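Work through the exercises below with the sequence and the coordinates open.

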Amino acid sequence: MTSKSTNLFKSILHNIGVVSVGFGVAFIGTRLDALIGIGGFHSIFADAVGLLLVVFGFLLRVWATFYFYQYRMRVISLAPQQTLITSGPYRFSRNPLYLGGNVFIFFGAALLLRSPTALLITAIHLPFLDLFIKREEKQLEKKFGEEWEQYRQRVRRWI
């Protein structure tokens, strides 16, 4: 197996886990909906949007994690990264992993499982995620200095 195909395989496997977490959060939302007596919504439009969000989020994350593996970086790491990736999906968003997973996949799964509570949980966690991203950005600024600053000015945090 070539290095690129190995990286692609690892990216796909890694992100199946993220999709599972997204559906896990949505499932918890459905249980909370039932517990508090909130009915789910039924909409073919919501189902279609949900499916598109999950698929697009998964593909975006596979693309982004592929770049991490290509540069021999860990996708999940509390330590600052050793490489500043500015190509691939990182040309459009400084955070394609969070955008694909925590936004697209989580919202998409909530729509597919028709859970208002899961939509609310996803929306509520985004400001906390933004705080986490700001901490990471301080690490990147310290590590990469002017290179980071130029990238930060050129590419938006989300989209």
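**Exercise 1. Find the volume of the largest pocket and describe its lining.**

Step 1. The volume of the largest pocket is about 730 Å³. A pocket is defined on a 1 Å grid over the protein atoms alone, as an open set of points where a 1.4 Å probe fits, with protein on both sides within 12 Å along at least five of seven lines; lining residues have an atom within 4 Å of a point. Grid points are joined across faces, edges and corners, and the volume is the space filled by probe spheres set on the points.

Step 2. The model is predicted: local features need pLDDT of at least 70 and side-chain atom pairs pLDDT 80 or more, while totals for chains, interfaces and linings use all residues. Residues are numbered from 1 along each chain as its sequence is written, and side-chain values use heavy atoms, without hydrogens or water.

Step 3. The lining has 34 residues, and Phe68, Val75, Leu97, Tyr98 and Glu136 lie nearest the pocket centre. By class, 21 are nonpolar, eight polar and five charged. Here Ala, Val, Leu, Ile, Met, Phe, Trp, Tyr, Cys and Pro count as nonpolar, Asp, Glu, Lys and Arg as charged, and the others, Gly among them, as polar.

Step 4. Helices H1 (3-36), H2, H3 (96-112), H4 and H5 each give at least two lining residues. H4 has the largest share, with seven. Helices are DSSP runs (H or I, at least four residues) and strands are E runs of at least two, numbered from the N terminus.

**Exercise 2. Which residues of the largest nonpolar core touch the most other members?**

Step 1. A nonpolar core is a set of buried Ala, Val, Leu, Ile, Met, Phe, Trp, Tyr and Cys residues joined through side-chain atoms within 4.5 Å. Buried means under 20% relative accessible area, exposed over 50%, and partly exposed in between (1.4 Å probe, protein chains only).

Step 2. The largest core has 16 residues, and those touching the most other members are Phe68, Leu84, Ile85, Tyr90, Leu97, Trp148 and Tyr151. H2 (44-70), H4 (116-144) and H5 (146-154) each supply at least two core residues, and H2 gives the largest share, five.

Step 3. Beyond four places in sequence, Trp148 touches Leu84, Arg94, Glu137, Leu140 and Glu141 (contact: heavy atoms within 4.5 Å). A second, separate core of six residues includes Val18, Val25, Val54 and Ile105.

**Exercise 3. How many aromatic pairs are there, and which parts of the chain do Trp63 and Phe92 tie together?**

Step 1. Rings of Phe, Tyr and Trp (its six-membered ring) pair if their centres lie within 6.5 Å; planes under 30 degrees apart count as stacked, over 60 as edge-to-face and the rest as tilted. The count is six.

Step 2. Trp63 and Phe92 form a tilted pair, 6.4 Å centre to centre with 40° between the planes. Trp63 is in H2 and Phe92 in the loop between H2 and H3, so this pair ties together parts 29 residues apart in sequence.

Step 3. Tyr98 and Phe132 form an edge-to-face pair at 6.3 Å and 85°. Tyr98 is in H3 and Phe132 in H4, 34 residues apart. Tyr98 is buried at 16% relative accessibility, whereas Phe132 is partly exposed at 32%.

**Exercise 4. Is Gly22 buried or exposed?**

Step 1. Gly22 sits in H1. Its relative accessibility is 1%, so Gly22 counts as buried.

Step 2. Leaving aside neighbours within four places in sequence, Gly22 contacts Ile105, Phe106 and Ala109.
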